[in-house]
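Q: Please take a close look at one helix-helix contact in this model. I would like the geometry, the residues that form the contact, and the setting in the chain as a whole.

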Amino acid sequence: MLRFLPTSIFLLSGCSHMAQDQWHGQDKAQHFIASAILSAAGNEYGQHQGWSDSRSVNFGFLFSVSLGATKELWDSRPAGSGWSWKDFTWDVAGAATGYAIWQFAKY
């Protein structure tokens with residue numbers, strides 16, 4: 001039950017406003033690249049800690065996505081640019097790509 005608490009809080013918290021942005025742009029590339037790097041770095045960190053492959057993968061992916069979600073929460077404050085599902089989508093895509101690149105480099 002406790003594992004659903006963060007998700008419930010996230011989904012029910014609401015945002016003060018939403019961003020009116022496009023799917024493509026320089027900031028989307030920055031979201032993608034940063035998330036890919038953070039995901040790969042998190043995977044590598046887990047390996048250096050002696051964790052299993054699955055635990056390292058989970059840590060790296062969730063580390064990257066959680067930082068992307070935190071950034072979007074920061075943007076959703078009244079003085080921010082607004083929550084952007086498009087930015088968050090690019091964050092998730094970058095995290096998955098970072099994992100894939102890390103796997104290709106490892107093997």
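A: Helices here are DSSP runs of H or I with at least four residues, numbered from the N terminus. On that basis the protein chain of this predicted model reads α-α-α-α along its sequence, with 4 helices and 0 strands.

The pair to examine is helix 2, residues 26-48, and helix 4, residues 85-106. Their axes lie 6 Å apart and form an angle of about 40°. Helix 2 is therefore oblique to helix 4, since angles from 65 to 115 degrees would count as roughly perpendicular and those under 35 as roughly parallel. The crossing of helix 2 with helix 4 is right-handed.

On the helix 2 side, the contact is made by Asp 27, Lys 28, His 31, Phe 32, Ser 35, Ala 36, Ser 39, Ala 40, Asn 43, Glu 44 and Gln 47. Helix 4 contributes Lys 86, Asp 87, Trp 90, Asp 91, Ala 93, Gly 94, Ala 95, Thr 97, Gly 98, Tyr 99, Trp 102 and Lys 106. Sorted by class, the residues of this contact are 8 nonpolar, 8 polar and 7 charged.

As for the setting, 29% of the 107 residues in the protein chain count as buried. Its accessible surface is about 7,000 Å², and carbon and sulfur atoms account for 68% of that area. Of the contacts in the protein chain between residues at least 6 apart in sequence, 70% link residues at least 24 apart.

How values were computed:
Residues are numbered from 1 along each chain as its sequence is written. This is a predicted model: local features need pLDDT of at least 70, side-chain atom pairs count only at pLDDT 80 or more; totals for chains, interfaces and linings use all residues. Side-chain values use heavy atoms; hydrogens and water are left out. Axes are lines fitted to C-alpha atoms, for helices over the stretch in contact, and angles run from 0 to 180 degrees between N-to-C directions. Helices (H or I, at least four residues) and strands (E, at least two) are DSSP runs, numbered from the N terminus. Angles under 35 degrees count as roughly parallel, over 145 as roughly antiparallel, 65 to 115 as roughly perpendicular and the rest as oblique. A crossing is left-handed if the near helix is turned anticlockwise from the far one by less than a right angle, and right-handed if clockwise. Contact means heavy atoms within 4.5 Å. Ala, Val, Leu, Ile, Met, Phe, Trp, Tyr, Cys and Pro count as nonpolar, Asp, Glu, Lys and Arg as charged, and the others, Gly among them, as polar. Buried means under 20% relative accessible area, exposed over 50%, partly exposed in between (1.4 Å probe, protein chains only). Accessible areas come from the Shrake-Rupley method with a 1.4 Å probe; for residues, only the protein chains shown count as cover.
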